[in-house]
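Please open the structure in your viewer and keep the selection tool at hand.

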Amino acid sequence: MLDKMLQFNCDKDVVTSNSNDGILPKDGKVGGRSKGASYPKKHVNIRDHFGMKNLLMLCMESVASNDHNTANKLLNRIKQLSSPSGNAFQRLAHCLAKGLEARLTGTGNLIYRSLTTKERSTSDALEVYKLCTSTIPFMNASHYYAIQTILEFAKQATSLHIIQFGGRRAIHFMPLIQQLSQRPCGPPKLRITSIDFPEQGFEPTAIVERERRRWVNYCKKFNVPFEYHGMTQKWEAVDPEDLKIHKDEVLVVMCSYLFHYVMDDSFLENSPRDAVLKLIKRINPDVFLHAILNGPHNSPFFVSRFHEVLFYFSVVFDMFETTMPRESPWRMMCETEICGKQVLNTIACEGLERIERTETYKSWQARTVRAGFKQLPLNQDIIKKIKAKVKANFHRDFFLDEADQWMLQGWKGRVLHALSCWKPS
């Protein structure tokens with residue numbers, strides 16, 4: 001099942017097995033609808049939309065000025081008009097109201113921690129993943145670009161070491177393992193080092209061992225020599241000696257959509273974010289693959305963050321409304337638990353409690369250059385294939401573009417995801 005989910009609509013020149021194991025079935029349908037088709041939207045009254053937006057802005061201003069009485073009255077009105085199962089803006093308003101209420105009551109960090117430590121069943125996680133990857137190309141496109149880049153760097157390698165920052169449940173390595181097994185010269189020895197954040201409520205040793213067993217069994221299936229090393233600690237505190245880097249191996253560092261959880265320099269004088277980049281430069285990889293959420297809602301000021309969150313997630317929820325069935329419980333889980341968690345933390349928390357700190361790709365560009373990296377040009381052959389896959393299999397309002405050697409992906413002109421490749425100068 002996972003293998004089929006991860007193929008990104010493969011054709012013969014990139015397929016990793018003899019069958020057509022694309023995300024889409026052979027009839028080109030997702031969830032019973034033709035590829036690229038829209039789900040009919042609930043009727044949205046324009047006056048209601050702007051009325052709700054006005055209520056949210058007034059409520060935000062009342063929360064910002066600590067006017068509890070007015071804020072509570074406005075929150076009650078917003079709750080009446082919003083719904084986790086309504087149209088796109090009603091669903092977003094439901095999430096925003098929760099964030100505003102948590103900020104007003106001072107319970108933001110408590111609620112966020114409870115959502116973070118809530119472990120979903122494997123079947124639920126897979127259903128959410130399957131829905132997202134079959135309707136939205138962002139993750140698969142990024143993983144496809146990363147895998148093809150790794151294969152190019154490791155073309156003649158006898159040993160390949162991938163250091164993954166945030167590697168828990170990194171199922172995108174499955175097609176990489178399959179393709180390594182098919183090399184004419186035989187597979188290299190594959191070493192994966194996974195570095196995860198410490199999390200309350202989870203036993204790190206048990207998680208590391210579970211991941212090790214899963215990857216050992218998968219590599220054994222494809223006769224790929226394998227070694228796994230899992231670590232759970234703050235990324236900026238990693239000692240390069242613990243990574244056990246060998247001189248004769250091709251070394252790849254990956255970070256996919258998790259760097260925004262590392263604290264930046266808007267609150268701490270010595271930026272952990274810069275410290276991690278300096279660590280990566282010190283270990284001197286052949287390539288550093290960096291995929292990010294392109295979000296500008298990292299202002300130190302609550303009012304500015306709220307405006308950006310409203311704008312950014314309006315686009316995200318419109319994308320869900322257009323491409324996913326509205327009755328899907330997995331869509332609701334994605335909106336309320338994944339997006340809702342990010343919205344809540346960004347709105348309701350401050351200081352060290354504000355964990356979600358997304359930056360734009362332009363900010364990351366400046367930060368990474370400043371840390372001593374040079375950018376590698378995007379591979380145009382890979383970009384061309386991804387563009388063709390997105391155009392053929394996903395909704396017409398998705399786009400893939402390039403700027404400043406970043407691969408940009410988004411919806412209706414808004415850049416939501418970005419990826420680039422780097423090497424220490």
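Predicted model: local features only at pLDDT ≥ 70, side-chain atom pairs only at ≥ 80, totals over all residues.

Begin by selecting Arg91 and Glu335, whose side chains meet in a salt bridge with 2.8 Å from N to O. Arg91 belongs to helix α4 (residues 88–105) and Glu335 to helix α12 (residues 329–348), so that this pair links distant parts of the chain, 244 residues apart. Are these two residues buried or exposed? Arg91 counts as buried because its relative accessibility is 1%, and Glu335 is buried as well, with a relative accessible area of 1%.

Next, select Glu359 and Arg273, which form a salt bridge whose closest N and O atoms are 3.0 Å apart. Glu359 lies in the loop between α12 and α13 (361–370), while Arg273 lies in helix α10 (residues 272–283), so the pair ties together parts that are 86 residues apart in sequence.

Then move to helix α9, where Arg213 and Glu209 lie 4 residues apart, about one turn of the helix. Their salt bridge has its closest N and O atoms 3.5 Å apart; Arg213 counts as partly exposed at 44% relative accessibility, and Glu209 counts as partly exposed at 30%.

Finally, select Asn223, which is placed in the loop between α9 (204–221) and β5 (226–232), and which counts as exposed because its relative accessibility is 63%.

Notes: Residues numbered from 1 in each chain as written. Heavy atoms only, no water. Helix = DSSP H or I, 4+ residues; strand = E, 2+ residues; numbered from the N terminus. Buried < 20%, exposed > 50% of the residue type's maximum accessible area, 1.4 Å probe, protein only. Salt bridge = Lys/Arg side-chain N within 4 Å of Asp/Glu carboxyl O.
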